[in-house]
Amino acid sequence: MSTFFQKQDSNETLSNQRLQLQYLLENNLNQDDGTEIITGLTQESKTIPPRYFYDHQGSQLFEKICELPEYYPTRTEASILKEYGQEIAKITGKVEIVELGSGSSTKTQLLLDAYQDLDYPLYYTPIDVSGGILKESANSLLAKYPTLKITGKVATYEQALTKLSYSALSQRICLFLGSTIGNFSQEECDRFIELITSSLSVGDYFLLGVDLQKPNPILEAAYNDSQGITAAFNLNILQHLNWRFDGNFNPSLFEHQAIYNESDNQIEMYLISQRSQNVKLAALDLIIDFRKGEKILTEISRKFNLQEQSVYLTSKGLKVNATYTDSKQWFGLLLCQKI
Ligand SMILES: C[S@@+](CC[C@H](N)C(=O)[O-])C[C@H]1O[C@@H](n2cnc3c(N)ncnc32)[C@H](O)[C@@H]1O
């Protein structure tokens, strides 16, 4: 494999024979005008969209979270993929694998193994806003799978899905793992699923990972780990805003909090201002005032019921071919097909 990357044009495409990376976001910061940040931090209940967790440092911290003893979702989802990967591959046949929010692509390898074992061609399109981790993981996948071809996109889901190019194989499977869908409100989820159904062709597959409802202490422990990694991940969002928008957030003046909201079946992650303060984001011409104790909501992580989710996806035009879960029923995978 050649490790030589050529900058092909000013449109930020890096390519070699088996790897093409398209930068729709990272090298074009002008595309992020900070509108969502201005809206989120000037409203009564302050919010920051969770995609701002994922600068390079944030992606590294997320990888550490996945290995924490309290953080069961990654291990559990991986165990399901390990058990049912072959079955999923047999159902879909030869497909291009598109992955939204691919991160380190660690769990994806369980599916790549299954497709490889069946002698299927391996075409993979990872999509992620975090360019560093996408490029690192693409290179290690190429070293591990000699026939794999990768066309990665450093982009938001919307940017990438609306620009899905010609597929190397006649069908696709689109993966959305890690229960990242739980970060969307119901309205955002509706819009996202509509984007999925409009981007896929009839017969294409969608594999969705969802974290399931379970007793409160297990959930809260997963987001309040004893080593403080989740707290560091949460606070890093402020450093990301400092870097991206020339800001002066002092993370030591905020504290991490994660609670389970039982009535809405969701973990809510906040940053709490430890004193009255104002913060400047110079690039956005924005000064934000905080009262002592005021919260910023940085993430919701909804917890699902597998049957209800199946009914929901069917109502959106995705036929659910199969559902998979683990022995404790802590995590679920839904294999759907656009009809
Ligand atoms: C919770 S992590 C999940 C990573 C991996 N799929 C897993 O299951 O372990 C979410 C991933 O989605 C990416 N991401 C978050 N918001 C995104 C967006 N709006 N568009 C594209 N990628 C996004 C992040 O950079 C991160 O790698």
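The contact takes 17 residues from domain 1 and 17 residues from domain 2, where contact means heavy atoms within 4.5 Å.

Before I go on, this is a predicted model, in which local features need pLDDT of at least 70 and side-chain atom pairs count only at pLDDT 80 or more, while totals for chains, interfaces and linings use all residues. Residues are numbered from 1 along each chain as its sequence is written, and side-chain values use heavy atoms, with hydrogens and water left out.

Now the chain as a whole. The secondary structure comes to 10 helices and 16 strands; these are DSSP runs numbered from the N terminus, helices being H or I with at least four residues and strands E with at least two. The radius of gyration is 20 Å, close to the 20 Å from the globule rule for 339 residues, so the chain is as compact as a globular protein of that length. That radius is taken over C-alpha atoms, and the rule is 2.2 Å times the number of residues to the power 0.38. Along its principal axes, the C-alpha trace spans about 60 × 50 × 35 Å.

How much of the chain is buried? Buried residues make up 55% of the 339. Buried means under 20% relative accessible area, exposed means over 50%, and partly exposed lies in between, with a 1.4 Å probe and protein chains only. Of the contacts with a separation of 6 or more, 72% join residues 24 or more positions apart.

Helix 2 runs over residues 56–66, and its buried residues are Gly58, Ser59, Leu61, Glu63, Ile65 and Cys66. What do they pack against? The partners are helix 3 (72–92), helix 5 (131–144) and helix 9 (229–245).

Last, a single residue. Asparagine 261 lies in strand 10, residues 254–261. Why does asparagine 261 count as buried? Because its relative accessibility is 17%. Leaving aside neighbours within four places in sequence, asparagine 261 is in contact with Gln266 and Glu268. Leucine 208 is 53 residues from asparagine 261 in sequence, and 23 Å from it in space, C-alpha to C-alpha.
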